[in-house]
Amino acid sequence: NNPDYAVHSVEVTSDGDLGRDVVLRAAQIEDGSNIFSINLSAVEDRLRSLPQVEEVDVQRLLPDKLVIVIQERRPIAWIASADANKTGFNYDGAFLVDRRGIVLQPKGSAPEYMTLPVIIGVDLKKVTVGQPIDNDPVKAALELIRECPEMLQSRFQIATIDVSKEYSLVVTDKQRSLVTFSPDDLTDQLRRLAMLLSYCDKNSKELQSANLMAERNIPVVFNEPAVAVAN
């Protein structure tokens, strides 16, 4: 009952765009409540229910202040329907996903995310904003997006991944090379792709397509040199 311990201040810090008003409504903290009567774990659980929130920490700062620190989800890819290849990619009809496969609703055209890879061939009727996507090929595509920069750096930058055929991932990079992966053993396939790209660098060749589903005798097509084409 000591009035000195009534909450008069709530400090909200987020590393994204989540608004203070949204956070306070979700936290359900009544102004003037006794600071010791507030269940911090329950507040954190309520805030984690927001689709944008990946992690949250709530602390008491005596005598009358609560501190909320939020880490927001970071999209790593778009998901789009199977007809995106035919009609051109429409950002308004697509969703974002984070590294854990949580579906996020983009804000408007979301220009800051326009360069993210696009996973094509997803049944958008089966996805729910704020929930993890339950689709094995999409999970494999997200794993590929996470691992590719670590193993290949900037030598292979994914633009699109077509998952419409569940037994394969058809990847187009930003240089328009076409590489087919199996959804399984992605690390080994990325190692084979790294060897192939090193071969291209050493021999001044440009990769047109490769099928990494074959463990040996990988089918590979190189682009014809510009001089040869001109001749």
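Helix 4 (residues 136–152) and helix 5 pack with their axes 10 Å apart and at an angle of about 40°, where axes are lines fitted to C-alpha atoms, for helices over the stretch in contact, and angles run from 0 to 180 degrees between N-to-C directions. Helix 4 is therefore oblique to helix 5, since angles under 35 degrees count as roughly parallel, over 145 as roughly antiparallel, 65 to 115 as roughly perpendicular and the rest as oblique. The helices (H or I, at least four residues) and strands (E, at least two) named here are DSSP runs, numbered from the N terminus. In the contact, which means heavy atoms within 4.5 Å, helix 4 contributes residues including A140, L144 and C148, and helix 5 contributes residues including L190, A194 and L197. By class, this contact of helix 4 with helix 5 has 10 nonpolar, 1 polar and 3 charged residues; Ala, Val, Leu, Ile, Met, Phe, Trp, Tyr, Cys and Pro count as nonpolar, Asp, Glu, Lys and Arg as charged, and the others, Gly among them, as polar.

This is a predicted model, in which local features need pLDDT of at least 70 and side-chain atom pairs count only at pLDDT 80 or more, while totals for chains, interfaces and linings use all residues. Residues are numbered from 1 along each chain as its sequence is written, and side-chain values use heavy atoms, with hydrogens and water left out.

The axes of helix 1 (residues 20–27) and helix 2 (residues 40–48) come within 8 Å and cross at roughly 125°, so helix 1 and helix 2 are oblique to each other. Where they meet, V23, A26 and A27 in helix 1 face V43, R46 and L47 in helix 2, and by class this contact has 5 nonpolar, no polar and 1 charged residues.

The peptide bond from L62 to P63, however, is cis, with omega near 15°, and P63 lies in the loop between strand 2 (53–61) and strand 3 (65–72). D185, a residue other than glycine, has a positive phi, near 50°, and its place is in the loop between strand 10 (178–181) and helix 5 (186–202).
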